[in-house]
Amino acid sequence: MYLIIMPIIALFLGAEDRVGELENKIADLQEKIDEITPELNEMNTQVKAQQTKVDELYRIWLIYDRQLDEMDRDDHQYGSIEFLRGQARSEWIQERNEGETMASIRDALQNKLDVLLLEQELHQKSLDRILEQQKPKDPKKFIGITLSQTCERLIKVNTTSN
């Protein structure tokens, strides 16, 4: 069994306080990330569903538009199809605008998530750097304690004695 003692100098420099502060920031950021992720996933699902709806409405508008291109203006159904094409176009434009709004909300959530992930990564790198600086550079600064076989046996069988 080895016991590793960290240099006391790090305590005087406030590294332990900084480590705790960074760990708390990382935990807070992870909590925010965990809150945003389900929202972002839901928005992605909604945007995909909205895009499917927009594509379908556009397809319907194209069908009416092609029918009108193939028809004579004198045809008795021309006015009805022109009306239906106009309705399809207005529905398509309305749904497209709603989809763009949803996509911008999704993009804002994605940007917020990206910033949080980047911030978390930076704090994690700072924490890793501080912890690395706390480790002694020279292996001679480690103190190792090895227990005798008798002590190890007593520990394994949970014997308490002096």
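Helices (H or I, at least four residues) and strands (E, at least two) are DSSP runs, numbered from the N terminus. The structure is a predicted model, in which local features need pLDDT of at least 70 and side-chain atom pairs count only at pLDDT 80 or more, while totals for chains, interfaces and linings use all residues. Residues are numbered from 1 along each chain as its sequence is written, and side-chain values use heavy atoms, with hydrogens and water left out.

**Figure 1. The whole chain.**
The chain has 4 helices and 0 strands. Read from the N terminus, the order of its elements is α-α-α-α. A residue is called buried under 20% relative accessible area, exposed over 50%, and partly exposed in between (1.4 Å probe, protein chains only). Of the 162 residues in the chain, 22% are buried. Accessible areas come from the Shrake-Rupley method with a 1.4 Å probe, and for residues only the protein chains shown count as cover. The chain exposes about 12,400 Å², and 54% of this area comes from carbon and sulfur atoms. A contact means heavy atoms within 4.5 Å. Among contacts in the chain with a separation of 6 or more, 82% are between residues 24 or more positions apart.

Side chains of opposite charge can pair when their charged atoms come close. Here a salt bridge is a side-chain nitrogen of Lys or Arg within 4 Å of a carboxyl oxygen of Asp or Glu. By this rule the chain has 7 salt bridges. One of them joins the side chains of Glu21 and Arg18, at 3.0 Å from N to O. Both residues belong to helix α2 (residues 15–70), where they are 3 residues apart, about one turn of the helix. Glu21 also forms a salt bridge with Lys25, and the closest N and O atoms of this pair are 3.6 Å apart. Lys25 and Glu21 are 4 residues apart in helix α2, so about one helical turn separates them. Lys25 is partly exposed, at 33% relative accessible area. Arg18 is partly exposed at 32%, and Glu21 is partly exposed at 37%.

The side chains of Asp65 and Arg85 form a salt bridge, with 2.8 Å from N to O. Asp65 lies in helix α2 and Arg85 in helix α3 (residues 78–134), so the pair ties together parts that are 20 residues apart in sequence. Asp65 is buried, with a relative accessible area of 18%. Arg85 counts as partly exposed, at 23% relative accessibility. Elsewhere, salt bridges that share partners join Arg18, Glu21 and Lys25 into one network.

**Figure 2. A negative surface patch.**
Asp28, Glu31, Asp34, Glu35 and Glu39 form a negative surface patch. Patches are made of residues with over 30% relative accessible area and no salt bridge; like charges are joined within 9 Å, and nonpolar side chains (Val, Leu, Ile, Met, Phe, Trp, Tyr) within 5 Å. Lys and Arg count as positive, Asp and Glu as negative, and His and the chain ends are not counted. The place of a charge is taken as NZ of Lys, CZ of Arg, CG of Asp or CD of Glu. Glu31 counts as partly exposed, with 49% relative accessibility.

**Figure 3. Gln50 and its contacts.**
Gln50 is a residue of helix α2. Gln50 is buried, its relative accessible area being 9%. Leaving out residues up to four places away in sequence, Gln50 touches Glu95, Glu98, Gly99 and Met102.

**Figure 4. Two pairs of residues and their C-alpha distances.**
Ala103 is located in helix α3 and counts as buried, at 17% relative accessibility. Ala103 and Val47 are 56 residues apart in sequence, and their C-alpha atoms are 6.1 Å apart in space. The other pair includes Arg59, a residue of helix α2. Arg59 is partly exposed, with a relative accessible area of 42%. Arg59 and Trp92 are 33 residues apart in sequence, with 9.2 Å in space from C-alpha to C-alpha.

**Figure 5. Helix α4.**
Helix α4 covers residues 149–156. This helix is hardly covered: of its 8 residues, the count of buried ones is 0. After α4 comes Asn158, which has a positive phi, near 55°.
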